[in-house]
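Trainee: I have a new structure to get to know. Can you walk me through parts of it?

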Amino acid sequence: MGLRGKLLLPILFGFVGFAIVIHFYWGESLQRDKRASILAQEKVLLKTLEPIINRSLLGGDLATIHNTLNNTLETHKDRWVQVALFNNEGQQLYPLSELTPLDQNNITLTHPLSLNDDAPGTIKLTINITDELQIEKQHIVDFEIFTLMLFAALGLISAIWQNFVIRRPVLRLEEAATELAEGDYTIQLPYDGNDEISNLTAAFNTMGESLLSSKQSLQEAVRIARTNEVRTSTVLNNIADGIITINESAIIESFTPAASDIFGYEEAEVIGKNIMTLIPKELQQGDLKELEHYISTHNPFIIGKRIEVEGQRKNGEIFPLELSINEMPLDDHYLFSGIARDITERKHTAKLKDEFVSTVSHELRTPLTSINGALRLINGGALGEVPDQLKEMLSLASTNSERLLLLINDILDMQKIEAGNIDFNPHAIEVSHFIQQAAEINRGYADQYNVRINIIENSLKCHIDADPDRLMQVMCNLLSNAIKFSPPDSSVDIHIQNNNAAIRICVTDHGAGIPQDFQEKLYDKFTQADSSNTRKPGSTGLGLSISKAIIERHGGEIGFTTEDGVGTCFWFEIPIEEDEFGENEAELPRKVSAR
Amino acid sequence: MKHTQHPMVAMLSALLLYLLSGAVVEAQEADQETFSVGVIPQFDAQKIYEIWSPILKQLEKATGHHFRLQGTPTISEFEKEFNAGRFDFAYMNPYNLLLANREQGYIPLVRDVEKQLHGILVVKKENPMNSPAALNGKKVSFPAPNALGASLMVRADLHDIFNVDIEPHYVRTHSSVFLNVVLGLTIAGGGVQKTLNQQPAAIRNQLKVIYRTRDVAPHPFAAHPRVPQKIIAQVKNALLEMGRTEHGKTMLNKVPVYSIGPGSIADYTPLNKIGLERFYKE
């Protein structure tokens, strides 16, 4: 049922109820009242006639009686059917004719005449009030019709009024809401007054304005997003690295043209496929199987790191691939972007370089070793006393040949580490003992510089799992650097700290500190703080690079803190290995002098 | 048996007649030459007014004098007033005239010259009675004791000719007489032919006349001797003149006078011989 029907329903119910009351209660009541009223009137009239009839009856003046009753009958012919007068003997004196039989609609009033104590006769009046009651009934029907018309008129007026004040505004609102739903947010409805409909219309207008504002904001945001997307995609499509987006299930969601160039797949061929499509099958069961797991678990060893893996092109070719994976947190899920770089060429170049360096180094080291050995023999007097005029020159040759040999060894180490050709043999190292050893090994060197080595322990008895030779190489590098850059009569301090997760070993000198502009390239190869006049002897510029590579291969971390004029602390951390009892033994710090 | 009149009814009737004759009363107040006119109340007051008011207006128009209808509620009241000479002019039955002529010298001016007045005796048609002789000791209705044709002359003849004694029952009007007979309340009734003819057919057809009395001259219009002869002559002429016009005749027919002509006391002297005073009741 529409709004109009619902609004008119109360009027209809009201009318039906009203009609029922009028027709079945009020109408009946009126009829009864009317009938009683008529009977009362007739009784009064008969009472009025009584004196003249009594007098005429007693005097035998029947003519007066007949005239009176004739006239009265004539006067009241609308209601009176017949009137009869009987004397006290029951004889009918009026009318002369016989009485007509009574109709069922007729009512007979019997009025006994009385005069003093006598009862001279009786008047019997028969009336028919059917017509009057019918007229009364017709009046009621007329009233009902009038009421019906009144209600109809009221209903019509009400409908028009409701149409004007309620339905039309609501229809307007409905149409406007439809237009709003279809996207026209500019629609504004006129309203007047302060009623509920007006308030609703005003609220609707406000809603439209809000939606329009939101739409405009959204459009602006979409425009900006599209611009950014175009810009980003343009950038992404034009960079040499392939960019691949995968979801948490490792399913590829985007694939840039550069990635297509690298892998040989068209974008459509790989979208929706697992990232493993791009990985050689033989590797999928190995470490790279973990890749999928690492991604899904947001493993920090994968996420944010640049790793080298092998990829497989569409044609089956397997090639070295540098992959950098970053996560993109979205509303309720993560996406991961992988930047893939084909490093075939780079690998090839590195390999050539390594081979070149290795070849050259080996080719240099063999004769150099011989030269150095020969020089040592000569300087050692194995071939006899060296003339004084040759001693200085031979010493210079020996020193430089050792230095050259040291350099070549470092280069070979570096090359081996980078090429992955160096073998690590890790096993448990008791840290305190290890540090004592390192201090002992470097003590002679320290003495040359008149520098003390102090060991300050602040750790429990614990072990680390590392290759002792390589870790000792790191310690020697750090200690020799510290000794070299320490002023005479100063000390180099070795701190051992246990933070429960890892052992941190910190080698601190009290030298000049590392200049700011040098700190960034500290781990670069062949780098020293000053490559000219302050260059210290015995340095190759590869020590820190080698140390960094060794520590990282142990899963550790290397770093430094420095303060100009105060000194420098080089530290490295190796993940801790708990002792066999699984507990840590607390010990107070103790200062051990290695000297 | 003398008919008893309720005093209150008499007063009311007088009041009604007084109100109905208001115009005439006003005229009397405005002009000293206003003459009272009495009419024997054989009809009800309203009918008398309806009959006589146009006639008196016509008289005023013809004579230039004013006439006032002076009502009386009953015949006996009228008779008393009449015998006392209260009316300047009067219309009454012949026996009243004889009495008043004797007392006051009233002179008949005009009368209906076409028909003679006589009384009749009626019984119900199915009654096998054909002669008044069988009425001895029976209840007979009459309008009033002194009604000339219907009562005095019938009773005189019943007594003098048929030698029967009846029980008279006075029922005020001729119509009541006929109704009483029709309804069987009285065995017979005294009336006049004219009033019988005026009854509705339903009544008239149930009655039959078993006796007709001797004829007498009908009701006269008389003047009191105190009225100047000139004016009496004017009135007499005016009435006779009325009988010559259709309009006048129509008015007079209602009195009823069907053919008006001059009347004299000599027309009524035969009535004296009947000796109606034996039956007259004061």
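Mentor: A term to begin with: helices (H or I, at least four residues) and strands (E, at least two) are DSSP runs, numbered from the N terminus. This is a predicted model, where local features need pLDDT of at least 70, side-chain atom pairs count only at pLDDT 80 or more, and totals for chains, interfaces and linings use all residues. Residues are numbered from 1 along each chain as its sequence is written, chains are lettered from A and ligands numbered from 1 in the order in which they are written, and side-chain values use heavy atoms, with hydrogens and water left out.

Trainee: Which strands of chain B each supply at least two residues of the lining of the largest cavity?

Mentor: Strand 4 (107–112) and strand 10 (220–223) of chain B do. A cavity is a set of points on a 1 Å grid over the protein atoms alone where a 1.4 Å probe fits but cannot get out, and lining residues have an atom within 4 Å of a point.

Trainee: What volume does the largest cavity have?

Mentor: About 70 Å³, where a volume is the space filled by probe spheres set on the points, joined across faces, edges and corners. The lining includes Trp52(B), Tyr91(B), Arg111(B) and His219(B).

Trainee: How many cavities of 30 Å³ or more are there?

Mentor: The structure holds 5 of them.

Trainee: Switching to helix 5 of chain B: how many of its residues are buried?

Mentor: In helix 5 (residues 94–103) of chain B, 7 of the 10 residues are buried, meaning under 20% relative accessible area (1.4 Å probe, protein chains only), with exposed over 50% and partly exposed in between. Among the buried ones are Pro94(B), Tyr95(B) and Asn96(B).

Trainee: What do they pack against?

Mentor: The buried residues of helix 5 contact helix 4 (75–83), strand 4, helix 6 (148–160), strand 10 and helix 12 (269–274) of chain B; contact means heavy atoms within 4.5 Å.

Trainee: And Lys57(B), where does that lie?

Mentor: Lys57(B) is in helix 3 (residues 45–63) of chain B. Lys57(B) counts as partly exposed because its relative accessibility is 48%.

Trainee: Now chain A. In what order do the strands of the open sheet come?

Mentor: The order is 6-5-9-8-7, and the pairing is antiparallel. Two strands pair if DSSP finds at least two bridges between them. Strand 6 (252–255) and strand 7 (306–312) of chain A stand at the edges with a single partner strand each, so one side of each has no neighbour in the sheet.

Trainee: How many bridges join strand 5 to strand 9?

Mentor: There are 6 between strand 5 (residues 242–247) and strand 9 (residues 334–342) of chain A. Thr245(A) stands opposite Ser337(A) there.

Notes
On a 1 Å grid over the protein atoms alone, a cavity is a set of points where a 1.4 Å probe fits but cannot get out, and a pocket is an open set with protein on both sides within 12 Å along at least five of seven lines; lining residues have an atom within 4 Å of a point.
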